[in-house]
Amino acid sequence: MPDFSTPAVGRIVHYVSYGTPGGEYASQCRAAIITAVHGPFLVDLAVLNPEGMFFNREVTHGEPRADGSYEGGSWHWPERV
């Protein structure tokens with residue numbers, strides 16, 4: 001059985017946008033596809049936004065903060081709902 005907690009090319013993850021410094025746009029989760037794996041916590045992503053697709057390199061895995069939010073510029077596995 002495959003290890004579903006290991007990043008692999010083609011897996012869907014969430015990328016957390018930074019938002020804007022003035023707060024016009026809040027930080028939020030976006031769908032992303034892993035395009036390269038550099039290690040268990042470092043990946044390249046194709047991020048899918050309503051405005052278009054963006055490519056981010058060497059994105060670090062994030063852990064949830066006490067309030068359940070994630071740091072902008074990180075990725076995490078989608079929440080199970």
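Phe55 is exposed, with a relative accessible area of 60%; here exposed means over 50% relative accessible area, buried under 20% and partly exposed in between, with a 1.4 Å probe and protein chains only. The structure is a predicted model, in which local features need pLDDT of at least 70 and side-chain atom pairs count only at pLDDT 80 or more, while totals for chains, interfaces and linings use all residues. Residues are numbered from 1 along each chain as its sequence is written, and side-chain values use heavy atoms, with hydrogens and water left out.

Phe55 sits in strand E4, which covers residues 52-60. Strands (E, at least two residues) and helices (H or I, at least four) are DSSP runs numbered from the N terminus. Together with Leu48 and Met53, Phe55 makes a nonpolar surface patch of about 320 Å². A patch is made of residues with over 30% relative accessible area and no salt bridge, with nonpolar side chains (Val, Leu, Ile, Met, Phe, Trp, Tyr) joined within 5 Å and like charges within 9 Å. The accessible areas come from the Shrake-Rupley method with a 1.4 Å probe, and for residues only the protein chains shown count as cover.

Strand E4 also holds Glu58. Its phi is near 50 degrees, a positive value in a residue other than glycine. Most residues other than glycine have a negative phi. Glu58 is exposed, at 52% relative accessible area.

A search of the whole structure finds one. Arg57 pairs with Asp44, and the closest N and O atoms are 3.9 Å apart. Because Arg57 lies in strand E4 and Asp44 in strand E3, the pair ties together parts that are 13 residues apart in sequence.

Next comes the largest pocket, with a volume of about 270 Å³. Of its 14 lining residues, the closest to the centre are Ser17, Gly19, Arg30, Asn49 and Glu51. On a 1 Å grid over the protein atoms alone, a pocket is an open set of points with protein on both sides within 12 Å along at least five of seven lines, a cavity is a set where a 1.4 Å probe fits but cannot get out, and lining residues have an atom within 4 Å of a point. Grid points are joined across faces, edges and corners, and the volume is the space filled by probe spheres set on them. Strands E3 (42-49) and E4 each supply at least two lining residues. By class, the lining has six nonpolar, six polar and two charged residues.

Ser17, one of those closest to the pocket centre, lies in the loop between strand E1 (12-16) and strand E2 (29-39). Ser17 counts as buried at 16% relative accessibility. The C-alpha atoms of Ser17 and Gln28 are separated by 5.4 Å, though the two are eleven residues apart along the chain.

Glu71 is in the loop between E4 and strand E5 (75-76) and is exposed, at 53% relative accessible area. Its C-alpha atom is 7.8 Å from that of Tyr18, 53 residues away along the chain.

Methods. A salt bridge is a side-chain nitrogen of Lys or Arg within 4 Å of a carboxyl oxygen of Asp or Glu. Ala, Val, Leu, Ile, Met, Phe, Trp, Tyr, Cys and Pro count as nonpolar, Asp, Glu, Lys and Arg as charged, and the others, Gly among them, as polar.
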